[in-house]
Amino acid sequence: MPVLIALLGIAVAAYIWAQRASRARDVMGDVSDMANDVRLAARRFGFRRNTNIHPVESIEDPQLAIAAIATAFLELDDLPTAEDRQRLTVQLRANLRANEDEAQEMEILGRWFMTECGGAEPAIARISRKLYKLGGAEQMAPLMAVLKGATVSELTQKQRDALEDITRALRVR
């Protein structure tokens, strides 16, 4: 009887180990898929990362900067829900005249820019300054249209502070 219990224990341990290894393979596949998504989105928008320059400084399209700011804006307090992301996609499509694929790729690149900046708050400040360099204060209207449509609840304190940073960076009075 003890031998049977030991064999059963070994079989259960082997099964658990195999499941754990399978999950690790799945996670690695997901990570490589995410990296590939960022690479493909960057290629679609003609984004090229230059050495010794922060990726945000390589942005040449104001729409990409707007999408990056909007993505970071939604993540200021907590990770956005699926509904929040869907609203953002709809707003990018409507206000930036992008199709579904372009809007999703803008979000992917925007999230990557945010992580390269070290979080949502530094990303908003840095990308807002870049947006001003790309298009000046005229970019405030499309950015605000996207942000207004993407947020349905009352703004948090961090979001209000971010709006002040944006207006300061875009030199809007």
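**Close-up 1. The two sides of helix 6.** On the face of helix 6 turned away from its buried side sit the exposed residues Ala141 and Lys148. The model is a predicted one: local features need pLDDT of at least 70, side-chain atom pairs count only at pLDDT 80 or more, and totals for chains, interfaces and linings use all residues. Residues are numbered from 1 along each chain as its sequence is written, and side-chain values use heavy atoms, leaving out hydrogens and water. Helix 6 spans residues 140-150, and its buried residues are Met140, Leu143, Val146, Leu147 and Ala150. Because they cover an arc of only 135° around the axis, they lie on the same side of helix 6; the arc is taken from the directions from the helix axis to the C-beta atoms. Their cover includes helix 2 (62-74), helix 3, helix 5 and helix 7. Here, buried means under 20% relative accessible area, exposed over 50%, and partly exposed in between (1.4 Å probe, protein chains only). Helices are DSSP runs (H or I, at least four residues), numbered from the N terminus.

**Close-up 2. Alanine 120 and its neighbours.** Alanine 120 lies in helix 5, which covers residues 120-135. With a relative accessible area of 11%, alanine 120 is buried. Not counting residues up to four places away in sequence, alanine 120 touches Ala72, Glu75, Leu76 and Met114, where contact means heavy atoms within 4.5 Å. Take a look at leucine 76: alanine 120 and leucine 76 are 44 residues apart in sequence, yet their C-alpha atoms are 5.6 Å apart in space.

Close-up 3. Aspartate 84 and arginine 87 form a salt bridge, with 2.2 Å between the closest N and O atoms. The term stands for a side-chain nitrogen of Lys or Arg within 4 Å of a carboxyl oxygen of Asp or Glu. Both residues lie in helix 3 (residues 82-96), three residues apart, or about one turn of the helix. Aspartate 84 counts as buried because its relative accessibility is 19%, while arginine 87, at 23%, is partly exposed.

Close-up 4. Glutamate 121 pairs with lysine 158 in a salt bridge whose closest N and O atoms are 4.0 Å apart. This pair links distant parts of the chain, 37 residues apart: glutamate 121 belongs to helix 5 and lysine 158 to helix 7 (residues 157-169). Glutamate 121 is partly exposed at 46% relative accessible area, and lysine 158 is partly exposed at 39% relative accessibility.

Close-up 5. The side chains of glutamate 154 and arginine 160 meet in a salt bridge, 4.0 Å from N to O. Glutamate 154 is exposed at 67% relative accessibility, and arginine 160 is partly exposed at 36%. Elsewhere, salt bridges that share partners join Glu57, Arg126 and Lys133 into one network. Across the whole structure, the search finds eight salt bridges.

**Close-up 6. The aromatic pair.** One aromatic pair is counted, under a rule that rings of Phe, Tyr and Trp (its six-membered ring) pair if their centres lie within 6.5 Å, with planes under 30 degrees apart counted as stacked, over 60 as edge-to-face and the rest as tilted. The partners are tryptophan 112 and phenylalanine 113, tilted at 50° between the planes and 5.4 Å centre to centre. Tryptophan 112 and phenylalanine 113 are both buried.
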